[in-house]
Amino acid sequence: MESKIKIYEQGLKEYSKATIFQGNLLMILWVFLGTISCRLFCPLTGWIYLLFAIIMIGIILRKLLCTNCCYYNRWCCLGWGKLSTLFFKGGNIEKFKDSYGQKLAPFTYGLLTVIPLIFLLISIFQEFVFFKLMILILLLLVSIYSGAINRKKTCSKCRMRLICKGCAVKQN
Ligand code: SF4
Ligand code: SF4
């Protein structure tokens, strides 16, 4: 049977190592700043945030999304297509669009963005110190750059952009 999946053929078969490095660096910085923000409210919330980020981004979404992606076993924009082959068996690209991962990803990234901001703002109102303001500014800058500007760049070259619900560029 012919596949109904429309791959964006002009997209990159594999991304450069520099793009992958930059993407991972931004992701690590984002989670690091989120963890610090939660920790400034209470150390336990920092640990819970970090654990949640590692489990969701590093394991659950890799299993639910990457195994059904055309970049499985390839160097995608974050290199996680390769990473997921080390831990999970390949799936079926036809399942990508309606997979649980597509529903879970915006929820996960939304929580990971909003929760540290809430805790940090509460912490600032409880006791203002300049360091907290610096973390807030950095967190906003990294979130905006990686979530909007950098994501648009990588999504525009992604072969999954026609079927990915999380694609940050207009479909065509
Ligand atoms: S493009 Fe996204 S879903 Fe596909 S392998 Fe890379 S990280 Fe996973
Ligand atoms: S379109 Fe964007 S969000 Fe979707 S898999 Fe590709 S790079 Fe990831």
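Is Arg 159 buried or exposed, and what is its relative accessible area? Arg 159 turns out to be buried, at a relative accessible area of 10%. Here "buried" stands for under 20% relative accessible area, "exposed" for over 50%, and "partly exposed" for anything in between, with a 1.4 Å probe and protein chains only. The model is a predicted one, so local features need pLDDT of at least 70 and side-chain atom pairs count only at pLDDT 80 or more, while totals for chains, interfaces and linings use all residues. Residues are numbered from 1 along each chain as its sequence is written, chains are lettered from A and ligands numbered from 1 in the order in which they are written, and side-chain values use heavy atoms, with hydrogens and water left out.

Side chains of opposite charge can pair when their charged atoms come close. A salt bridge is counted when a side-chain nitrogen of Lys or Arg is within 4 Å of a carboxyl oxygen of Asp or Glu, and the count is two. One of them joins Glu 9 to Arg 159, with 3.6 Å between the closest N and O atoms. Glu 9 sits in the segment before H1 and Arg 159 in the segment after helix H5 (130–156), so this pair ties together parts that are 150 residues apart in sequence.

Asp 98 is exposed, with 55% relative accessibility.

Next come the rings. Rings of Phe, Tyr and Trp (its six-membered ring) pair if their centres lie within 6.5 Å; planes under 30 degrees apart are stacked, over 60 edge-to-face, and the rest tilted. That rule gives four aromatic pairs. In one of these, the centres of Tyr 15 and Tyr 71 are 6.0 Å apart and the planes stand at 55°, so the pair is tilted. Tyr 15 belongs to the segment before helix H1 (17–41) and Tyr 71 to the loop between helix H2 (43–64) and helix H3 (80–87), so the pair links parts that are 56 residues apart in sequence. Both tyrosines are buried.

What about the cysteines? A disulfide needs two cysteine sulfur atoms within 2.5 Å, and the count is zero. For Cys 70, the closest cysteine sulfur is in Cys 69, 4.8 Å away and too far for a bond. Cys 167 has its closest one in Cys 155, at 4.5 Å, again too far for a bond. Cys 70 is buried at 18% relative accessible area, and Cys 167 is buried at 14%.

On the surface, Phe 41, Val 114, Ile 118 and Ile 122 form a nonpolar patch with about 300 Å² of accessible area together. Helix H4 (residues 100–126) gives the most to this patch, with three residues. Phe 41 is found in helix H1 and is partly exposed, at 31%.

Definitions and conventions. Helices (H or I, at least four residues) and strands (E, at least two) are DSSP runs, numbered from the N terminus. Patches are made of residues with over 30% relative accessible area and no salt bridge: like charges are joined within 9 Å, nonpolar side chains (Val, Leu, Ile, Met, Phe, Trp, Tyr) within 5 Å. Accessible areas come from the Shrake-Rupley method with a 1.4 Å probe; for residues, only the protein chains shown count as cover.
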